[in-house]
Amino acid sequence: MKKKAVKIGQNSLCPCGSGKKYKNCCRNKKIEISIKEEYKRKYDINLKEPHQIEGIKKSGILLMSILNQIEKMIKPGLKTEDINTFVHEETIKAGAIPAPLNYRGFPKSVCISVNDVICHGIPGDRVLKDGDIVNVDITPILDGYYADASKTFFVGTPTEQGKKIVSVAAESLKRGIQTIAPGATLGDIGYAIQSYAESCGCSVVREFIGHGVGIDFHEQPQVFHFGTKGKGVCLVPSMVFTIEPMINLGKKELHVLEDRWTAVTDDGSLSAQFEQTLLVTEDGWESLTPYEL
C-alpha cells in the first residue's frame, strides 16, 4: 500500500527544521545523516535505517496475519479472552513477543475494546453480542522490532449507529494517512482527521494519540489526531509512526475505569478506532501494516 506525493519545493521550508528555505539549506547537502542527527537532537525522533524498516515490516506482516485471522473469528458468543488466547499463542508460535503483556502492568497480550470502550480494554469473560463493535489492537515484537495496528469489527449484524461510527473512524485514518509526504507536518495529519470527524457530527479523543514506533513500543513523535495545518514537526523520509484516531459518536470526554486501563466515553456513546504503522518515504508514504480502508 503506497502513495506518491509532490516532493519538497525549492522555496518550501526545509524539513530539517532550520526555518530556512529548502534551496538555501539541505538541498545540496548529504541530508540523510544531517537530518537524522538533527531530528534526534531536536525532537528525540529516531529516523529508521533501511534494515530497521525491514524489521518493522516483517513484524507488520505477522501482525496482519493474526489480525486477518481474528476478523474471521469475530461472531456473537465469542469471549474477548478467546481472542487474547489466540493472539498470544500465534505471536509466540511465530517466535515473537506480545508487547502489551506486562507493559506497565497491563495483564493481557492484546487490547480489546467493545462499544463505548475507547481503548485499552482488558480481555476477559465478556461475551460479544450481535450488534456490538469491537476494536482489536495488536503489537508484536519480532526480532526486536515493533509493529502496531488495530481494526474495529462488527459483531453479527451492525446497528445504524455502529455502521456510522466505524465508517467515520476508518475514513478519519484514511484522510490522516493521505496527508503524509516529506514537507508536510504533524499538524496537517491532525487537522485532516479532526475536520472530517467533526463535520460528521462525531468527536476526536484528545487523551490518547499516535506515536513513533519500531525499535520501542512508544517513541517520539507524538501524533495528535487534532490540530492546525502547517503546525508541528515536518515529516521527513524514514520517520515511522502510528496514526490511530479514536472517534466517538457522542462527546469527546472520557474516564478510566477502576482497573486503571479501560477508557470509556463519559456519555456512553460508541467509540471506534483504526490504526496503522506508517513510514514516510522519499515521495509519500508506505503502510507497514497495510489493509484497505
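Author: The model is a predicted one. Thr277 belongs to strand 17, which covers residues 276–281. Is this residue buried or exposed? Thr277 is buried, because its relative accessible area is 0%, and the cut-off for a buried residue is under 20%. A polar atom of the Thr277 side chain lies 2.7 Å from the backbone oxygen of Asp148. Beyond residues up to four places away in sequence, Thr277 touches Ile56, Ala147, Asp148, Val213, Val240, Phe241, Thr242, Glu286, Ser287, Leu288 and Thr289.

Helix 2 spans residues 50–73, and its 24 residues reach 35 Å from the first C-alpha to the last, close to the 34 Å expected at 1.5 Å a residue.

Elsewhere, an open sheet of three strands has the order 4-15-14, with antiparallel pairing. Strand 4 (117–119) and strand 14 (254–256) each have a single partner strand and stand at the edges, so one side of each lacks a neighbour in the sheet. From one strand to the next, the twist averages 40 degrees. Two bridges join strand 4 to strand 15 (residues 263–265) in the antiparallel sense, and Val117 has Val264 of strand 15 as its bridge partner.

Finally, Asn11 is placed in the loop between strand 1 (2–4) and helix 1 (31–43). Apart from neighbours within four places in sequence, Asn11 is in contact with Lys21 and Lys23.

Conventions
Residues numbered from 1 in each chain as written. Predicted model: local features only at pLDDT ≥ 70, side-chain atom pairs only at ≥ 80, totals over all residues. Heavy atoms only, no water. Helix = DSSP H or I, 4+ residues; strand = E, 2+ residues; numbered from the N terminus. Buried < 20%, exposed > 50% of the residue type's maximum accessible area, 1.4 Å probe, protein only. Polar contact = N/O pair within 3.5 Å; in protein donor to acceptor, adjacent residues only side chain to side chain. Contact = heavy atoms within 4.5 Å. Expected span 1.5 Å × (residues − 1). Pairing = 2+ DSSP bridges. Axes fitted to C-alpha atoms, helices over the stretch in contact; angles between N-to-C directions.
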